[in-house]
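Please walk me through this structure in the viewer, one selection at a time. Tell me what to select and what is there.

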Amino acid sequence: MIKLTQIRKSFGRNEVLKGIDLTVEKGEVVAILGPSGSGKTTLLRCINYLEKPNEGRIVIDDFSVQCRRPDKKAIHTLRQKTAMVFQQYNLFKHKTALENVMEGLFVVKKISKDEARIRSIELLEKVGLGNKLDSYPSELSGGQQQRVGIARALALNPEVILFDEPTSALDPELVGEVLAVIRKIAKEGITMIIVTHEMGFAQDVASHVVFMDEGVIVEQGKPNELFTSPKEERTKQFLKRITPEAAYSI
Amino acid sequence: MKLDFGFIWTAFIALLPAVPTALAITAVSVFCGLIIGTAVAVIRLYKVPVLYPIASAYVTVIRGTPMLTHLFIIYFGLPMLIDGATDSLGLSFRSVSIPMIGFAYISFSITAGAYMSEVVRSGLLAVNRGQIEAAYSIGMTTFQAMRRIILPQAFAASLPNLSNMVIGMLHGSTLAFTVSVVEINAKAQIVATTNWKFFEAYLAAALLFWGLTFLIERLTALAERRFNLYNRGGVS
């Protein structure tokens, strides 16, 4: 279980997160929606301390970090319990697909190189890249790179995987293959928090949907409820505006 | 004026024994400079407390003074310092037992370190911020991320500048003749004093330097191809 309590974050005078409370049960898939600048990516990055929250508390199972004065060791432990899939993939450029997945296993988890290799090959096969083991990121398409990114995150066996707009940088054609992989691992019961603009996907895969705006959680609930009968006016506006039919009709 | 082609060749052959000295000075100063430069670059980029102002002062002072001046200051200053220290400690070591080339090694390493720190810094800046975030996200410490992810990429990115540095230090090694180290230029002078054909002797030296530089250029081209292998796709 992951529990965030009163997470606050400011960039200079600009308060981006205004006290976020969020609980994610084990095995849950949570989708965070909201307009640009609503703080959803910042919130996600606070969970593994790529962004340093000013205040609040992060609890993962029985491990907890007090954000006001975290020690280095706590941050390190927190990062080992989480994994992240980035919008820009951020694969290690000088390492092959296989090495990218192995890196965390044998540098961080201290698993022997042979064992790490076997496990990494398994994972790359799972995301459909068994034939690209020795390719460098520059030789892979965006969709393939992102699938390597997902395998790299999975390898660490984290308590939670954080997805930061995993399909936003992809060609429309390639979005499908990445979403299919996420959908597949969601079924295995891994806890996931996904920041996304893919409404259909969120509705389909998420077990819980959170709508954020201007640094606060406006509304949250089951996907069916939130998408079909939102309670808050702001949520209604947002959902109406991003409905494709309305946006593209001429 | 008549050019004595025969003597150019004779001088060229006579210069060859000085090549190892020139290469040794270059190799030592580049190697030590790279280590000093990497440390300084990392300290300056991450603003390490206490060390940061020292590193910045080092770079501005050393880059702000000529290489020849460094050599003289080390050559005249270091013996005083060493003899003073050994005297007060009651040791029998004397600075006269330091070979002349030792002063060149020390002073040129200090020179190279300052310039090299900027070479390494440009390499570090070329590495996308996402790389270190990804390293942190899989649970690496800053040290692990530096060693395994950031520095290898920074090194590949700084290779062109690095080859500039190596060539610069090779040519700079000629300054060592001012402290009685017989490198290529000094050797040319010695060879020429036998028959006063300085022009031919220095022409031979120039040819030799060009040859060595050409070699360095080829080697970096090979290294670039090897270390930038991962950029070959060019899709991302």
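Helix axes here are lines fitted to C-alpha atoms over the stretch in contact, and the angle between two of them runs from 0 to 180 degrees between N-to-C directions. The model is predicted.

**First stop: H7 and H9 of chain B**

Select residues 142-172 of chain B, which form helix H7, and then residues 198-227 of chain B, which form helix H9. Their axes come within 10 Å and cross at roughly 170°. Angles over 145 degrees count as roughly antiparallel, so H7(B) and H9(B) are roughly antiparallel to each other. Their crossing is right-handed.

Now show the side chains at the contact. On H7(B), select B:Phe155, B:Ala156, B:Leu159, B:Pro160, B:Ser163, B:Val166, B:Ile167, B:Leu170 and B:His171. On H9(B), the partners are B:Phe209, B:Leu212, B:Thr213, B:Ile216, B:Glu217, B:Thr220, B:Ala223, B:Glu224 and B:Phe227. Colour the contact residues by class: twelve are nonpolar, four polar and two charged.

**Second stop: H1 and H8 of chain B**

Next, select helix H1, residues 5-15 of chain B, together with helix H8, residues 184-192 of chain B. The two pack at an angle of about 130°, and their axes are 9 Å apart. H1(B) and H8(B) are therefore oblique to each other. The crossing of this pair is right-handed.

Which residues of H1(B) and H8(B) meet? From H1(B) come B:Phe7, B:Ala11, B:Ala14 and B:Leu15, and from H8(B) come B:Ile184, B:Lys187, B:Ala188 and B:Val191. In this contact seven residues are nonpolar, none is polar and one is charged.

Note on methods:
Residues are numbered from 1 along each chain as its sequence is written. Chains are lettered from A and ligands numbered from 1 in the order in which they are written. This is a predicted model: local features need pLDDT of at least 70, side-chain atom pairs count only at pLDDT 80 or more; totals for chains, interfaces and linings use all residues. Side-chain values use heavy atoms; hydrogens and water are left out. Helices (H or I, at least four residues) and strands (E, at least two) are DSSP runs, numbered from the N terminus. Angles under 35 degrees count as roughly parallel, over 145 as roughly antiparallel, 65 to 115 as roughly perpendicular and the rest as oblique. A crossing is left-handed if the near helix is turned anticlockwise from the far one by less than a right angle, and right-handed if clockwise. Contact means heavy atoms within 4.5 Å. Ala, Val, Leu, Ile, Met, Phe, Trp, Tyr, Cys and Pro count as nonpolar, Asp, Glu, Lys and Arg as charged, and the others, Gly among them, as polar.
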